[in-house]
Amino acid sequence: MQRFSGLAVALRRGAWGPQWRAPEPQAAYDAVIVGGGGHGLATAFHLARDHGMSRIAVLEKGWIGGGNTGRNTTIIRSNYLFEESSRLYDHAVKKWEALSQTLNYNVMFSQRGVLMLAHTVHDVQVFQRHVHANRLNGVDNEWLSAEEAKEFCPPLRISAGMRYPVLGAALQRRAGTARHDAVAWGYARAADALGVDIIQNCAVTGIVRDAAGAVEAVETTRGKIRTPKVGVVAAGNTSVVMAMAGVRMPLESYPLQALVSEPIKPVFPCVVMSNTIHAYISQSDKGELVIGAGTDAYISYSQRGALHVSTHTLEAICELFPDFRRMRMLRNWGGIVDVTPDRSPIIAKAPVKGLYVNCGWGTGGFKATPGSGHLFAWTMAKDEPHPINAPFTIERFRDGHLIDEAAAAAVAH
Amino acid sequence: MSGAFRVAEGGRVDRARPVRFSFDGRAYTGLAGDTLASALIANGVHLVGRSFKYHRPRGFLAAGSEEPNALVRVGAGTARATPNLRATQVEVYEGLVAESQNRSPSLAFDLGAINDLAAPFLSAGFYYKTFMWPSWGWKRIYEPLIRRAAGLGRAPEAPDPDCYAQRYVHCDVLVVGAGPAGLSAALAAAEAGARVIICDEQAELGGSLLDETPGSAHAAWLARTLVALAQAGVRMLPRTTAFGMFAQNFVALAERVTEHLAAPDPRQPRERLWQVRARQVVLAAGAIERPLIFPGNDRPGVMLAGAARTYLRRYGVRPGARALVVTSSDEGYRSAIDLAQGGVDVAAIADLRAQPAAALADAARAAGLTVLPGSEIEGTSGRLRVRGARVRRATGGSAEIACDLVLMAGGRTPSVHLFSQSARKLSFDEATGAFVPDDAGGAIHPAGACRGVMEIDAVLRDGAQAGALAAQRAHLPTSAEVLRTVAATAEVTAVPARKPHARGRAFVDFQNDVTTKDIALAVREGFVSVEHVKRYTTVGMATDQGKTSNINALGLMAEARDTAIPQVGHTTFRMPYTPVSFGTLAGAARGNLFDPVRQTPIHAWAEAQGAVFEDVSLWKRARYFPERSETMHQAVARECLGVRAGVGVFDASTLGKIEVVGPDAAVFLERMYVNPFRKLGVGRTRYGVLLREDGFILDDGVIGRIAADRFHVTTTTGGAPRVLAMMEDYLQTEFSDLRVWLTSTTEEWAVIAVQGPKAREVIAPLVEGIDISPAALPHMSVREGRICGVKGRLFRVSFTGELGFELNVPADDAQMVWDAVWARGQDAGMVAYGTETMHVLRAEKGFIIVGQETDGTVTPDDVGLGWAVGAAKPDFVGKRSLARAAMKDPARKQLVGLLTQAPARVLEEGAQIVADASAGRRSLGHVTSAYFSACLGHSVALAMVSGGRARMGESLLVPMPGGDVTVRVVAPVFYDPAGERVNG
Amino acid sequence: MLLIPCPYCGPRPELEFAYGGEGGIARPADPAALDDDAWGAFLYHRSNPRGMHVERWRHVHGCGRFFNARRDTVTDLFACSWKVGEAAP
């Protein structure tokens, strides 16, 4: 691997080789990862680095990082309510803090702070519960008054005449954003250097099971590949891939939109989220306002959503930040997010020997990428979950041990 | 005088109407009909911007919405100044103020240009490779520096005072683009009887026809056609960009209504969003000329040949004195000849192709122009404006040609954006050198240049056929199937972009400063996918979204990968076609129009009493009624004591109400709610709990049986819509055998709660026909009768623990009844109380609030409501889920009361609860409600605690920033545990 | 915005409708007879196909009725819709 550094950039003057190889698929691997997004590539990296597995392939039907990894609003935080969730996401945040050095790739992790706005008395109760729960679990989160929130984020409007006034905000200072494409590329380059074969334009078309029912191979558009372990990390397409092994999933795939404005000089120092009025916003290092919209109401694989979903988001943005009303939407795009009934992910063994699944991240998978890869690799290598992902099974939907972040936050009285 | 470069006559500008404007503080004069670009060029101004990364001086490349360089901030003051507008689209008006962006201190001398010197180190993706040492450096040093350097214009600094509007509209045929193809399509469709809308992003309809010489046949056709369209009732929308195409021909248009006016009517919206559902769409979006790739191709004065022609013909402005035309397509010859005729000295036509079309070369030579086939441009000279270009000839040797304009004609790229957004396929057309729509079936009809038909008469024919076919497909009577006969091939042949041989930087994406070397580097580094190259180099990601750069980038990628453009593919086209204001998209939704405000019939009275309101779902609810300078806590203490000692009145109108009627109403409620209802007597009420099918509490409320087949169901304030939707779902799809009808009556009934020991004496004189004596109307019963003379339903229920009544009266009569109650109550010392007091009073009694004690993960047993569950019932919604193992775990959180060791200490809602002070202690639960009870003289709290009911009497800790608070677990009933006070 | 074919009212814009999830998942007549696996599958397992999907919609701001529809989840185009209780075409 050609080491990256400021000095190397200066000396090489552009004389760089490929960041990863473009190998032909081999006939057999020790493990095959289905899906070349951030989570899949991170899984391959950790399988190779931490578990001594060298014959690993990542199969990507399109181009790496082309799914939700490259389509999200890059928010990273760990201020989740339930202990299981905050441990999971904080595991990732700790890895984010060293990721550029781990990968020797600048993923631009920017801990600029995430403000979550409370607009009603109920919001205040919910967010204060988050603050207390997080602090007990060693996750930073603090409560700000409306005035303190405005000081932290000057464009924020807190005047009393608003339809939904800002009553305060929860602030996680360690939270922030990162450069999404760099995460996929950085993991790809680091995994490739450890011998992982990253095979693009290779769609999995079948999962082959032996007489005992265990996984023995995958069929792909580039031939059959034998392997005893298949890790499915296919985000919005998980149901489709798992169906190849005869497994029905507690998942639904929805379009999720995001948009950016034209670039402007820095005006927005942090990330602001409002669950009550459905908007989140930050400003990229390039200067674009990066704005997240909600999901459409119906399942879809079209990678585009309806205009009224974006307009609703911009109504909320303009209500909170009326100075931005003349700003202009430059680009809008859609991803396909896989959503579980309790809005928490599944990182687990599937009910088929040799089959593992990492899915259900919904609208918030990007933030978990480094932790998810680490935990999923552990689960695949040892055939048992790491304690952190042990609660995130498929079976919880049978037994009722749900980890319902959405229900915990969204019920109004 | 409107500029030294204005030609004596011609163009569509109004020479009688000079317009004064300023750019970067200098005053200029243009003409009505000018864009800011044409007006500046008329005044000899070409340096208008600095590029994003290297801060290179830049001039106008184009004349339309594809312009990447000439981005300006327009408007004076803080609130209306708008950044990043294209000077080529800004229409000048008297007093317009514009300034350049991304430069300091000035356009001519920009300190940021130091980046240009460091360019060898700033190649594509350099930032991924560096800024990693030391590990804290990114946060403290590098990112702040990068952020400061990034961005183009400055955001507005005050709230936008303008308003925006939105319209929905249906039509038979929507025509996008009003050039020759679009106009002829609209005419044909309208003549066939279709309802037609035609829109165009420019100020005038006409497209490329606006560049025609006045008096020419095509100019005359334009004038005639506009009249005919108006007469046919076609809705014509200039300054309106179709920016997004969605499923089933749903098209979004953004109309700029007042931006071009010096003194707009304040009643007019600034912009308007049109959301059009069209049976058929004709896409006539035209084509965009491609720049050429050669070193120094970004210097001010290097311009698209077609744009130069537009400036001359449409605006009457010479973009320079002496031009070198560089072409790789036949198009360049026509532009050169037209410009020469218009008075521009054309130094030469340098054709990158070895063998130009003979006829065109001959025509050019006949017009006195020099043609240099097989040329290569080795570079340009000049600093803030091009001074010359170095041309290497096919015959060998190179020469410097002095010029102040270098005009590029790289062929035209069809604008397939909307077609592609409709999720249709594109195919590569060799003749055009670009992607064109793959099929013309269905309800979307590309026409003219956007499908590669470039010759004007063919375009007119093609448009007419497309319009006629669209009208036919919109189910209008026509006798014969309309055929599309115009071949979708361009007569223009262009060559794909190639890396120049000469040294020096050749730009592909002008705004984002992406060079040919960047693209080559990306491919060398393994970024093979077109999407990867785009993201790694940022080519095509600037505010022009690659309109002039994408196809050239594809050519360079194909070259670097030694393949062809079709194998490279193209990036996904996404909306919007050009940027759209947030305000246009948000429309009128601001302030109280952002979300509807629901107010109860008593709202005005509460407001007059000085109530403080809170938002609960869409409702405004009175939270407390401060007297004089009371704080909330003082007011709440007074209200609580008033209710407990005498009587209080509370507006409970926001409660959801559903009338459940029919012979099977009781059976239906039994299946929906956990409680039994069949045996509930007429005139009796029951507290009902509703679960989701997963076993968790969704809602609760009091349900009264009005008649054998009629129930009055109440829900929580926020839960009413979802409860009704859930009931309808089960009734229509699962229990469709039941004869039951559901009606929302939330808005029909106002609810006046009268609570307290003196409640009966207050209401007694107001009630007619109902015996309200304790024996006749016991706790948890309901009667119909007259209240203050109007028909009402009187509930005897209590959410306070006191004797209580809820007067349900028609909303229209509510204020009258309220006034009567209030007047009667004065003798009894009645207080009006709000939601905060309601919360305290019910917490003292341990009554839960769904959404406060419960959070979507709570079962009836968890909150001590196991008694309500009709265990004998075979089934109800959620019953099966309650039988799962996790629901019976003794460690589940259960509702308890907490008392603080220090009686005055009020816990914080949401605070966590732990067993001890050990390190790494885990949460046992959390505080759900906490108040100071004025009646009891100490704080009370409700909490959900793991295994809580087995912990009665235990001491637990509540960790707070100032130290742990010790609490004792008690039963969750603090006041009147025997429950005697409801009996009055 | 989808144009949704209400079998009672005809095609109407998406804003008038509420999505009702996958269709054809009947609530078991006797939930108590199901084991946890079967009940969990009823509650949560969904086919979530890439392609034709049978789904429920409610014309909530129109006739108020639920109906079934078949839609391609890749193109979002509706193939057909039918009333509750009718056989799928």
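This is a predicted model: local features need pLDDT of at least 70, side-chain atom pairs count only at pLDDT 80 or more; totals for chains, interfaces and linings use all residues.
Reader: What do the length and cover of α7(A) look like?

Author: An α-helix has 3.6 residues a turn, so residues three or four places apart point the same way. Helix α7 of chain A runs over residues 180-193, and at 1.5 Å a residue its 14 residues should span 20 Å. The C-alpha atoms at its ends are 20 Å apart, which agrees. As for cover, 13 of the 14 residues of α7(A) are buried.

Reader: Do F131(B) and D513(B) count as buried or exposed, and why?

Author: The cut-off for buried is under 20% relative accessible area. F131(B) counts as buried because its relative accessibility is 19%. D513(B) also counts as buried, because its value is 0%.

Reader: Which residues does a cis peptide bond join?

Author: Most peptide bonds are trans. In chain B, a cis bond joins S104(B) and P105(B), with omega about 0°. P105(B) lies in the loop between β7 (96-100) and α2 (114-117). A cis bond also joins W133(B) and P134(B), with omega about -10°. P134(B) is placed in the loop between α3 (126-129) and α4 (137-149), and F131(B) is in the loop between α3 and α4 as well.

Reader: How many residues of chain B and chain A are in contact, and what area do the chains bury?

Author: Count residues on each side, then look at the area. Here 122 residues of chain B contact 104 residues of chain A. The two chains bury about 9,700 Å² between them, with 56% of it on carbon and sulfur atoms.

Reader: How many salt bridges and polar contacts are there between chain B and chain A?

Author: The rule finds 10 salt bridges across the interface. One of them joins the side chains of R129(A) and D855(B), at 2.8 Å from N to O. On the side of chain B that touches chain A, α4(B) gives the largest share, 7 residues. By class, that side has 56 nonpolar, 33 polar and 33 charged residues.

Definitions and conventions
Residues are numbered from 1 along each chain as its sequence is written. Chains are lettered from A and ligands numbered from 1 in the order in which they are written. Side-chain values use heavy atoms; hydrogens and water are left out. Helices (H or I, at least four residues) and strands (E, at least two) are DSSP runs, numbered from the N terminus. The expected span of a helix is 1.5 Å times one less than its number of residues. Buried means under 20% relative accessible area, exposed over 50%, partly exposed in between (1.4 Å probe, protein chains only). Contact means heavy atoms within 4.5 Å. Buried area is the accessible area (1.4 Å probe) that two parts lose on being put together, summed over both. A salt bridge is a side-chain nitrogen of Lys or Arg within 4 Å of a carboxyl oxygen of Asp or Glu. Ala, Val, Leu, Ile, Met, Phe, Trp, Tyr, Cys and Pro count as nonpolar, Asp, Glu, Lys and Arg as charged, and the others, Gly among them, as polar.
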